[in-house]
Amino acid sequence: PQGTVSPPQASHLSQCETCKVNFITEFAGADTCLFCSDRNAETRMDDRSKCWCKENFYQEIHSNTSTRANNHTCKACPIGGECYQNKIIGKKDYWRKDLS
């Protein structure tokens with residue numbers, strides 16, 4: 001499953017090993033864990049398939065990279081915002097212009 005790797009000597013998926021903290025796998029059957037390259041990103045104890053921004057940071061996605069471990073930058077939460085689970089939420093009495 002995602003978040004685990006199959007060691008070279010493993011004969012079936014029941015022998016998969018969980019990636020270490022701040023390492024992920026994006027696909028089932030991966031043989032290598034990828035490092036969350038942003039210093040403001042981390043993995044969750046129960047989810048080693050995605051890098052999450054740390055508290056008070058939000059995820060800025062870059063479409064020109066190939067892996068989830070390296071396709072985003074965690075930016076500091078802007079003034080007037082609260083950042084939670086890679087989202088920016090406006091504080092009371094603040095607003096955000098619709099970018100669409």
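Colleague: Is Cys16 buried, exposed or partly exposed?

Modeller: Cys16 is partly exposed, at a relative accessible area of 22%. Buried means under 20% relative accessible area, exposed means over 50%, and partly exposed is in between, with a 1.4 Å probe and protein chains only.

Colleague: What should I keep in mind about the model and its numbering?

Modeller: It's a predicted model, where local features need pLDDT of at least 70, side-chain atom pairs count only at pLDDT 80 or more, and totals for chains, interfaces and linings use all residues. Residues are numbered from 1 along each chain as its sequence is written, and side-chain values use heavy atoms, with hydrogens and water left out.

Colleague: OK, how many disulfides does the structure hold?

Modeller: Four. With the bonded cysteines numbered in sequence order, they pair 1-2, 3-4, 5-6, 7-8.

Colleague: Take Cys19 and Cys33, how far apart are their sulfur atoms?

Modeller: The sulfurs of Cys19 and Cys33 sit 2.1 Å apart. That link is left-handed, with -85° about the S-S bond. Cys19 counts as buried because its relative accessibility is 2%.

Colleague: And which cysteine does Cys36 go with?

Modeller: Cys36 is joined to Cys51, S to S 2.0 Å. The torsion about their S-S bond is about -90°, so this disulfide is left-handed. Cys36 is in the loop between β4 and β5 (41–44) and Cys51 is in strand β6 (residues 47–53); the pair links distant parts of the chain, 15 residues apart. Both Cys36 and Cys51 are buried.

Colleague: What about Cys53 and Cys74, how far apart are the sulfur atoms there?

Modeller: The sulfur atoms of Cys53 and Cys74 are 2.2 Å apart. Here the S-S torsion is about -90°, so the disulfide of Cys53 and Cys74 is left-handed. Cys53 is in strand β6 and Cys74 in strand β8 (residues 72–76), so they tie together parts 21 residues apart in sequence. Cys53 and Cys74 are both buried.

Colleague: What does Cys74 touch away from its sequence neighbours?

Modeller: Leaving out neighbours within four places in sequence, Cys74 is in contact with Asp38, Asn40, Ala41, Cys53, Phe57 and Tyr58. Contact here means heavy atoms within 4.5 Å.

Colleague: Which residues make up the largest nonpolar core?

Modeller: Six of them: Ile24, Cys36, Ala41, Cys51, Cys53 and Cys74. A nonpolar core is a set of buried Ala, Val, Leu, Ile, Met, Phe, Trp, Tyr and Cys residues joined through side-chain atoms within 4.5 Å.

Colleague: Switching topic: how many helices and strands does the protein have?

Modeller: Zero helices and 10 strands. Both are DSSP runs numbered from the N terminus: helices are H or I with at least four residues, strands are E with at least two.

Colleague: How do β9 and β10 pair?

Modeller: Strand β9 (residues 81–84) and strand β10 (residues 87–90) are antiparallel, over four bridges. Strands count as paired if DSSP finds at least two bridges between them. β9 and β10 form a hairpin with two residues between them, and Gln85 in the turn has a positive phi of about 50°. Tyr84 is opposite Lys87 in β10.

Colleague: Where's Thr25, and is it buried or exposed?

Modeller: Thr25 is in the loop between β3 and β4. Thr25 counts as buried, at 1% relative accessibility.

Colleague: Which backbone nitrogens does the Thr25 side chain reach?

Modeller: A polar atom of the Thr25 side chain lies 2.5 Å from the backbone nitrogen of Gly3, and the side chain reaches the backbone nitrogen of Thr4 at 3.2 Å. Beyond four places in sequence, the contacts of Thr25 include Pro1, Val5, Cys19, Cys33 and Arg48.

Colleague: Last one: how much of the protein is buried?

Modeller: Buried residues are 33% of the 100 residues.

Conventions. A disulfide is a pair of cysteine sulfur atoms within 2.5 Å. A polar contact is a pair of N or O atoms within 3.5 Å; within protein, one must be able to donate a hydrogen and the other to accept it, and residues adjacent in sequence count only if both atoms are side-chain atoms.
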